[in-house]
There are 2 protein chains.
Amino acid sequence: MHNFTWNNPTALIFGRDTVKELESPLKASGIKGVLLVYGGKGTFKSGAYEQVTDMLKRAGITFSDVNDVKPNPLIGKVREGVARVKAGGIDAIMPIGGGSAFDTAKAIAAGAKYSGDVWDFYAGKAKIADAMPIYGVLTASASSSEVNCISVISNPETQDKISMSSPALYPKISVIDPSFQFTLPQKQTVYGGVDIIAHVLERVLDGDDESALMDEQSYALIRTMMGVIPALIDDPKDYDARADYAMAGMMAHSGFLSLGRKTRGDFSSHKLGHAISLLYGAAHGASLSVVMPAWSRYLYEENPEPFARLGEGVFGIYEGEDEDRALEAIESLEDFFKEINAPTTLRELGLKEDDIEKLAENACKLLPYGSLKVLDAEDVKEIYKLAY
Amino acid sequence: MHNFTWNNPTALIFGRDTVKELESPLKASGIKGVLLVYGGKGTFKSGAYEQVTDMLKRAGITFSDVNDVKPNPLIGKVREGVARVKAGGIDAIMPIGGGSAFDTAKAIAAGAKYSGDVWDFYAGKAKIADAMPIYGVLTASASSSEVNCISVISNPETQDKISMSSPALYPKISVIDPSFQFTLPQKQTVYGGVDIIAHVLERVLDGDDESALMDEQSYALIRTMMGVIPALIDDPKDYDARADYAMAGMMAHSGFLSLGRKTRGDFSSHKLGHAISLLYGAAHGASLSVVMPAWSRYLYEENPEPFARLGEGVFGIYEGEDEDRALEAIESLEDFFKEINAPTTLRELGLKEDDIEKLAENACKLLPYGSLKVLDAEDVKEIYKLAY
């Protein structure tokens, strides 16, 4: 196990009808005005918006809204929020939504305390020194943004989608009420689930085998997700399945499963997927169910061992040589993605073979990345070809 | 899954040669003098004492010692520490050791800010309002005291061993260097391991079956411990095994595995074990390897389901009726305890059949407890009989 430090200050309030429990800590912190940051209809449909604004009214806290935050959230919306906060009357940022709302809220929280343009943080031109406090209400699990200090923002001008982190960006409190997720479209439940599984896979497949415990924890999380996603396709209002999904989604990318690993994870699949989302608007999870198996197939012959262990821990594959078990594991994963109607080829996303060049060009901008294998431009192109 | 809140502020520094990383946060917090709280020879043998005092000297921080803290630590030692702090010159408490040192340090930290007698907190006569900051260095894993806000202290005058908790008692920072545990006596590695397994069992066997995820996480932790304890009997300096042991020991009783459960756990075995330690000086872990199987045998026919699930998740027992699988799981657990030379009967601890009466009398003082089954005086006696 590798050395690590861990200090996650985010407080969680988890469960049914728990938005009201925010009232007392908000008042205790002397907060008088908040900026609500959210997407669109889903926020109302889930009941979250009403519960939040009722709570704020009871607490005597004013609020204004930045809405229409998109999946793969944009820097323009962040700048709009920053301007609103700088105009005054706001003491805290309150995302209501999933990763997009939280990531946007974090960017606003940092931008509001900075004199330059907020994109500087993502472009690596400035470091976050301070941020406004964030109190969030989660309505869609997948990103772990509710418990981590990461923010991923896209910039259409520069065709970048960049992930940035700072300890100042941990939410003070996140409310996770799984019942807000009853009304999510099925596709979002599926793609969010793929994203959660990918976050875990990218850790157990980083090429490190030093900690049986952390691997076992990861396999347990994937197995749970493989039970929970089909259960929710069947019954979107299965509370216990939603709660397990929300817990798994919270743990997967909180950093906890990286503890003691050689790296924080091998996030090549996320990088390769980001290009697909950015250029062709694919849902984040859909890009991952396409890329993860292709990345795995490209690498497993050279590195069969972590895939073979995955086969054992997740799919109960004990027979055969490492290489055979590895391939069987990858096929089982692909079969699972098909079973839940997640795409596994670029073709299914509507891409043409000619598009691979453009994808590769974009995904190569951030090279090198990867830890199981550090990728180069040739690798990137080959993986997209396999994904096609 | 049941509603919960979670907010664990303890920062972890984990890994080899990490004591030195305490210097900078101690200086940043303006700490000028600390009270070192530890047991005896083990603290020196592990190398921890030397590393800590070297670090303090470099930092220009003075220290004084309260040592000879015993397993099942005593209120007398706590009072000694409180008096020392009240005499002045100390800004923080620094346990070096396992649960006993940490539990004593927490008691001192609270007692030093209280005008009455520190036992009042354990007797339920006073509540902790404030405590001195705690910076700890772990040299023996098992209790999770390094990451929780619990303190268990024994009072020989009243023949009580009482567990108490307060959010003020979370350590600020805990340093966990697994290599300090290379020099632990084999018995302590085994008994600590039993304690860790018991902390998990007492959660998965609380009668709640709402969260597949939290159960899976727990089973994964037990399976890991079952690999790690024999590995350490074989080679006490196996770093990766020590690291997994330390991580598992940290997670097991941190509260994390209780999240979403109906109760924080069914700690009957710990209560029944406490009486054995208190009256007959049995090692804490040894009392648990005796009591857990007896408690399980006493209850499983009425509640086979959680034991059957345990059999599946930990021992791979899939065949047969719930009741048969439950019994097989209990037998497998007992076999494992025997394999690692942990006692499974009161007789092995040197007790006589006549002692059961006295044990039961002591263990009944805190009744009622238990959640899978709420125990009464008759139950307590029957479990001890089975344990004999």
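**A tour around helix α4 of chain B**

Start by selecting α4(B): the elements covering its buried residues include β3 (33-38), β4 (62-66), α5 (99-111), α6 (119-122) and β7 (150-155) of chain B. Here helices (H or I, at least four residues) and strands (E, at least two) are DSSP runs, numbered from the N terminus. You are viewing a predicted model, where local features need pLDDT of at least 70, side-chain atom pairs count only at pLDDT 80 or more, and totals for chains, interfaces and linings use all residues. Residues are numbered from 1 along each chain as its sequence is written, with chains lettered from A and ligands numbered from 1 in the order in which they are written.

Next, color the buried residues of α4(B): Ile75(B), Lys77(B), Val78(B), Gly81(B), Val82(B) and Val85(B). Buried means 20 or more other C-beta atoms within 10 Å of a residue's own; exposed means 12 or fewer, and partly exposed is in between, with C-beta atoms placed from the backbone. Look down the helix axis: these residues fall within an arc of 155°, so they line one face of α4(B). The arc is that of the directions from the helix axis to the C-beta atoms. Just past the helix, Gly88(B) has a positive phi of about 105°.

Now pick Ile108(B), which touches Leu35(B), Val37(B), Val78(B), Gly81(B), Val82(B), Val85(B) and Ile93(B), leaving aside residues up to four places away in sequence. Contact means C-beta atoms, placed from the backbone, within 7 Å.

Finally, jump to Arg347(A), in the loop between α13 (322-339) and α14 (355-364) of chain A. Arg347(A) is partly exposed, with 13 other C-beta atoms within 10 Å.

Definitions and conventions
Two residues are in contact if their C-beta atoms, placed from the backbone, lie within 7 Å.
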